[in-house]
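Good morning, colleagues. Please have the model open as I speak.

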Amino acid sequence: MSLGKHFINDVDVPVDRALRAQLARDPALRLIESEKVLFCQQASESQKVILLSGGGSGHEPAHAGYLGEGMLDICVAGNIFASPSAKQILSGLNALSTPRGALVSVKNYTGDRLNFGLAVEKAKADGRAVNVVVVGDDVSIEHPGLVGRRGMAGVVFVHKVAGAAAAKGADLARVTHLAQTVADSLVTVGVSLDRCSVPQRADQESLPFGELEYGMGIHNEPGVQRSAIPSLQETVSNVLRMLTRPSSQRWYPQQRQEMALMVNNLGGLSILELNVIADELACQLRHENFRIKRIVSGTFVPSLDAPGFSVTLLGLDEEIDELLGAPTTAPAWPSSSKADLDGLKNRIVKPIAVAGTTSSAEPLYTVSGRVVEKVIAAVARSITETEPLITRYDTIAGDGDCGETLVNGVNGMGGTSGAIYAIFFNAVSNAIATRNVATSSADGLAFAMSQALQDGLAELYRYTPARQGHRTLMDALIPFIGTFAVEQDLKKACAAAVSGAESTRSLAPVLGRASYANRNHFVAEGGLPDPGAIGAASVVNGIKDGLARD
């Protein structure tokens, strides 16, 4: 997405609107709209330590997503990437009674430290018991100087442990101690392919297309190192190297120590991509003998829509591990975090074989393995040669994967076309196996094959509404089967398939993804043949070529 391109560029108060939307998810939530304070209404006077956090907006679900039993009680939101004021924060501290005291957790940024600190001091002056824990978990900068380490996604571990301890009835001193212990046992490093896109900001710098940046913060701050985009394995290895480098000034992860792992989406990655990254992290950590007892993966503290991720490691002891696993109603915390990397291989199982029946009839025709290999190789060659053209057509009219799907089909095809081919060829195979043909002559074999092909087509009709003229692979397959039934000549049937595929240039799509495409794309190209039909013609021509080489 282009930087600065947003649906909400014309919305005057996006943060206010976003906070108001939270009220619909939980009837216990209350909003002090003028101060951007969201909190959980207490049923009666609280008998627990109250937890408050917050900061600039743009990091959702932080911090409103962590409101709930067992985590935060109050959150205070600033504008996008801007600290809330001390007045707002003090309003948050006043939102609930705190007879057992309150703990404020804040990420280490100058504005947050000053504004939260001022509010806490004012609350103390009023006789309130309030403690503060500052979280600075970013270790991408090896020597951060006086300003200290930036606060990143590790703050969520602090919320979880402190919230669970408070829910169990721990006093303020104990809750503060546990929160500080977690904050002191955290390391985080972020990496991103680009900057995030800030609403209502016209001029925004982006990274060059072929580069990424290590040490990316959560406020569009520059990282510590740019490089050409390496392999995922190398990217993850570089992040882990930064996380685990020894330090005499802070806690750092060591082999065989029990730890929790957080894989945090910085906002712009798909779930698929994040899961692949999480798998690579788990593999490398296990290989290096790091003991990962808990894993959470998802969007915890993003930077709007930055296309990157951060990795957090937390050292565990028995109590902190138990508190991480304690229940919470906060919607943004995953329901389970237990991990067992050592037993991973034992949980990858083979598919259960489906028992089938074997026909006792004599085979209609015996085909040597050599012929089968030649046919498969010829089909692969034909599809590979046609793939660039199919992909180009499908990129314009569909999602661009038709050619790749066909190439992969030699080893096992997925997608819509994969299912159609599988149903058809299985039906043809079943028809051949169940027909009794008392001849082994070439004419008898051709007739039997034509009957089997027609049976396969009839079976396919049960599962798809596609017919000739609908601009699908059926526009090649149906003429192929019809011509072979009449002529019993493979060359003529293949020619009919090619002609049928070409005829789709003038057809309007009515099925599949192409039916949603803008018709102007087709007109601009002077008419496009259907990629699936081109692929089907390529498949049958490959079969013909393979048999001809025998």
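**Gln88 and its surroundings**

Setting aside neighbours within four places in sequence, Gln88 touches Glu35, Lys36, Val37, Val76 and Ala77. Please bear in mind that we are looking at a predicted model. Gln88 belongs to helix 2, which spans residues 86-93. Is Gln88 buried or exposed? Its relative accessibility is 13%, so Gln88 counts as buried, the cut-off for that class being under 20%.

One of its polar atoms lies 3.0 Å from the backbone oxygen of Ala77. A polar atom of the Gln88 side chain also lies 3.0 Å from the backbone nitrogen of Ser85.

Helix 2 also holds Gly92. Gly92 has a relative accessible area of 0% and is therefore buried. Beyond four places in sequence, the contacts of Gly92 are with Val37, Leu52, Ile74 and Val76. Of these, Leu52 is 40 residues away from Gly92 in sequence, yet the two C-alpha atoms are 7.7 Å apart in space.

In what order do the six strands of the open sheet run? The order is 9-8-7-12-10-11, with mixed pairing. Strand 9 (225-228) and strand 11 (291-298) are the edge strands, each pairing on one side only. From one strand to the next, the twist averages 20°.

Helix 6, residues 232-244, packs on this sheet and touches strand 7 (186-192), strand 8 and strand 12 (308-315). The direction of helix 6 makes about 150° with that of strand 7. Helix 7, residues 271-287, lies across strand 10, strand 11 and strand 12, and runs at about 155° to strand 10.

As a reminder, strands of a sheet pair through backbone hydrogen bonds, either parallel or antiparallel. Strand 8, residues 211-214, pairs with strand 9 in the antiparallel sense over four bridges. Within strand 9, Gln225 is the residue opposite Tyr214.

Seven of its seven residues are buried, so strand 7 is largely enclosed by the rest of the structure. In a regular strand the side chains alternate between the two faces of the sheet. In strand 7, Leu186, Thr188, Gly190 and Ser192 point one way, while Val187, Val189 and Val191 point the other way.

How many bridges link strand 7 to strand 12? There are seven, and the two strands pair in the antiparallel sense. Thr188 has Thr312 as its bridge partner in strand 12. Strand 7 also runs antiparallel to strand 8, to which it is joined by two bridges. Here Ser192 stands opposite Glu213 of strand 8.

**The nonpolar cores**

Which residues touch the most other members of the largest nonpolar core? They are Val156, Phe157, Val175 and Leu314, in a core of 58 residues. Several elements each supply at least two residues of this core, including helix 1 (14-22), strand 4 (74-80), helix 5 (172-183) and strand 10 (258-265). Helix 4, residues 155-167, is also one of these elements, and it gives the most to the core, with nine residues. The core draws at least three residues from each of two domains, domain 1 (14-186) and domain 2 (188-196 + 227-347).

Phe157 illustrates the packing. Apart from neighbours within four places in sequence, Phe157 has contacts that include Val182, Leu186, Ala260, Met262, Val296, Thr312, Leu314 and Trp333.

A second, separate core has 32 residues, among them Val428, Ile481, Ile534 and Val539.

**Gly532 and the whole chain**

At 14% relative accessibility, Gly532 counts as buried.

Finally, the overall picture. The protein chain contains 16 helices and twelve strands. Of its 550 residues, 48% are buried. Among contacts between residues at least 6 apart in sequence, 73% join residues at least 24 apart.

Thank you for your attention.

Notes. Residues numbered from 1 in each chain as written. Predicted model: local features only at pLDDT ≥ 70, side-chain atom pairs only at ≥ 80, totals over all residues. Heavy atoms only, no water. Core = buried A, V, L, I, M, F, W, Y, C linked by side-chain atoms within 4.5 Å. Buried < 20%, exposed > 50% of the residue type's maximum accessible area, 1.4 Å probe, protein only. Domains from an automatic or database assignment. Contact = heavy atoms within 4.5 Å. Pairing = 2+ DSSP bridges. Axes fitted to C-alpha atoms, helices over the stretch in contact; angles between N-to-C directions. Polar contact = N/O pair within 3.5 Å; in protein donor to acceptor, adjacent residues only side chain to side chain.
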